Structures are given as structure tokens and as C-alpha cells.
Amino acid sequence: MANIVVVGAQWGDEGKGKIIDVLAEKADYIVRFQGGNNAGHTVVVGGEEFVFHLIPSGILHPKKICVIGNGVVIDPKALLEEMTRLKQKRIPVSQNLRISEEAHLIFPYHRLLDRLRERRGTRLGTTGRGIGPCYVDKMARCGIRVADLLDKDIFKRKLRENLAEKNELITKIYKEKPIRFSEIYHEYLGYGTLLKRYACNTSLLLNQAIEKKKRILFEGAQGTLLDIDHGTYPFVTSSNATAGGACVGAGIGPTRIDRVIGVIKAYTTRVGEGPFPTEFPDSLMEIIRKRGKEFGATTGRPRRCGWFDAVLARHSVRVNGLDELIVTKLDVLDERKTVKICTAYRIVKKRHTEFPADIERLWDCVPIYEEHPGWLEDTTACRNFEDLPQNAKRYLKRLSSLLGVPITLISVGSDREQTFRMKRKRSH
């Protein structure tokens, strides 16, 4: 195993947490490089469920160093709560976690502004966790980073400056009560005391590890179609969830990346607002949502579900430079008599095989489908490719053919053991 980036190739919720957990066994370092606690990764080990929001799911493997990179925005309260939950389950967080000194921090005014903007303007379906407003401050060069929190005087000055501006917005534009300096200042100083031991120059740490030939796994949150540049803008997150974000968000050069893996579901889901060409009708939506347990790990919101969209997935292959694909939740389609794959869109009577930049066109596009026979067999006990029903094999091969990328790993359930490589048994 070399240095590998794992990204979601749809709208997120593809099962990256489980895949990271599986691949982490052969890694030395696992790095989260973007997003905040608006993302959730669920991992099931031995029937026990673990939900991660900021800490890389590789923390479940002893002696693995888990890094929260500079590209992540951190709500310190949420992080400390997550650490406490893991410690209660005897997961060695204290020894194995590192946090970038350059990571930006989420404050109560970010969460408040997130909710106020969502209520006042175009509904984007945000989680209200303050992620977007924190990234706004980062780009406006007024954000407060972990390193600032660890210096009492610098933190005091920057917090006063930020609150002066934010309270103008909160009181004059949104007509809400201002946020008091003293409430935040003392609370966050306490967080700084607790997090200080974990903070370091993670870019230096990772580059030194690479020089020592250590194996690094870079973990993306959300998915390609939620990327701020390459997603269904404006219905996106506020960071680069694509593979290129790993370099910027971890502080390593692109020549350090050896392989990029995309994770896709055997169908498509998304949360929040925005166009969704292959979305199921309500009746099938409820069936798949229940069978696939399609509810957000962070918010509990029901996910919207639809048929596999190859147009969308080809876009992901291109913008990420995917070397291979991992397919999850194949088992959710076990009871379908037929399964569909969207191979093109019809937009204003014209056939389109590439994902459009003008997202407004997606609202009225008509998906063009291939229909394939289902397999009507339980796949959850399958442990290699040959165990799969013939029609399931054909379905996977068709996905790989349409996307032009090999499928290397398949998941047929939530448990760690329900994952296998797409290899045929050798004949004797």
C-alpha cells in the first residue's frame, strides 16, 4: 500500500468510513483533509457501531496515527465530545491523534450565522453546524486557527475583532441579540488547554513520514458532487471534497500521491436541496431508504435515493483522476426485479453524456436509462466475487465499463467483514 486518497464519487454518504476502516489496516497514518463535523462516517465492527464526525475512522486500529489536517474546520466542543465517546469505548485517542495547528476553528457566531442565512436566503440544506461561515472567514483572512487559540493574547485580539464585525451582522441585518465576548473567550480557552497536547505541524509530520516510507491514507468527507468547485453549485459544501483537496488540506505535494480511489454506492443518494435527475418516486424511495438505512449519520435526515447515475459518476472519475472504484451497498438492490443505470441526460430534446456546468439545466433534464435484470438473491453472505449472483456480476461489470475504471472492492453489508475484493477464484 502506497499513499492513497479515498474520496466519495457521488453526493457523499457512499460508505467511505467503512472503506477507510478496511484500508487502514495496511496504513500507518490516516488523514482527514477537509470538511467539518457536518460529515459523518459510520463503521460497524463486530456488530458495534461507531460514528465519526471529525476524527478519522482509522482510529479504530491500534497504533495508527490519525491526523486532522489543516483543511478541516474544527468545532472544538464537538471534537472533544467525540474524543470522550471513543475513550469510553477504550479507543486509544490520546496516543494516536494529531491536530493541525493551521486548522480553522468554528465558533458560536458561525453556527448562528449559518442558521440565519439558511432561513433568510436560498435554502441550501446545510446542517447548521457553522462550516460554511467558518470557511468564509478563512477565505476572508479573518479566521481563528488552532495556533491562535493556544496564544492567549492573540486569541483575545482576534476574537474581539471578529465579534465586532459578526455582531454588526447579527444585530443590524438579522435583528438578533449580539454574542458576548466573555461567554466565548473563557469557554474556548478551556478547549485550548484540552487540545494543546494534540496540536502540531501536521504537514511536517506527514512529509517526514513519507520520507520514512510510511503508508498514508487520506480520507475525504462529503463527496465529489458536493465539492465547492466541481459539485452541483450552489448546493454544495464549502471545501474541496475532491482528490486535489488532499494535497492542500494536508500540506503535502501532489507528487506524494500514488493512487486515488473513488467510493460509489450501487445506486445514488443525496441529502439537502438541489437537483437529482435519477431520484426515485416516493414509493420506491421509502423501500430503498429503509433497506439501506439511508439516514444521515450527522443529522439523522432522510437521504434522497435514486438509480445509479453514470453521467455523474463519469464526472467524478475525471475530476478526481480515479484509478479504481469501490462499490458499496450492492445488497440494498437484492430484492429488485430490475435495476436501472442512467447513461445520459435528455436536456431540451438533446442527449448529453457529460455532466453540465449549468446546474439549472438539471432541474428539467430527463434521465436516459439502461434496464438490467435484478438478481433477487441475498448477497450479504457473499465473501468473494464468484459468490455473487450472475446478474449482480453483470451489473458491476457494466458499471465498470461505463465509467472506464476497474472496480476493486465490493461491500455487501455494514460490517467490516462484509467486504471483499473483485477477484475471481483461480481454477485448479
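The expected span of a helix is 1.5 Å times one less than its number of residues. Keep that at hand for the first stop in this predicted model.

**Helix α8.** Select residues 181–195, which form helix α8. The helix has 15 residues, and the distance from its first C-alpha to its last is 21 Å, close to the 21 Å expected at 1.5 Å a residue. Now show the side chains of Phe181, Ile184, Tyr185, Tyr188, Tyr191 and Leu195, together with Gly192; these residues of α8 are buried. They lie on the same side of α8, because they cover an arc of only 130° around the axis. Turn to the face directed away from this buried side: His186, Thr193 and Leu194 are exposed there.

**The open sheet.** From β9, step across the sheet in the order β9-β7-β5-β2-β10-β1-β11-β15-β19-β20. This open sheet is formed by 10 strands, with mixed pairing. Its edge strands, β9 and β20 (419–421), each pair on one side only. Within the sheet, pick β11 (residues 259–265) and β15 (residues 324–328): five bridges link them in the parallel sense. Select Lys265 to find its bridge partner in β15, Thr328.

**The β3 and β4 hairpin.** Finish at β3 (residues 41–45) and β4 (residues 48–52), antiparallel strands joined by five bridges. Val44 is placed opposite Glu49 of β4. Two residues lie between the strands of this hairpin, where Gly46 adopts a positive phi near 60°.

Key. Residues are numbered from 1 along each chain as its sequence is written. This is a predicted model: local features need pLDDT of at least 70, side-chain atom pairs count only at pLDDT 80 or more; totals for chains, interfaces and linings use all residues. Side-chain values use heavy atoms; hydrogens and water are left out. Two strands pair if DSSP finds at least two bridges between them. Helices (H or I, at least four residues) and strands (E, at least two) are DSSP runs, numbered from the N terminus. Buried means under 20% relative accessible area, exposed over 50%, partly exposed in between (1.4 Å probe, protein chains only). The arc is that of the directions from the helix axis to the C-beta atoms.
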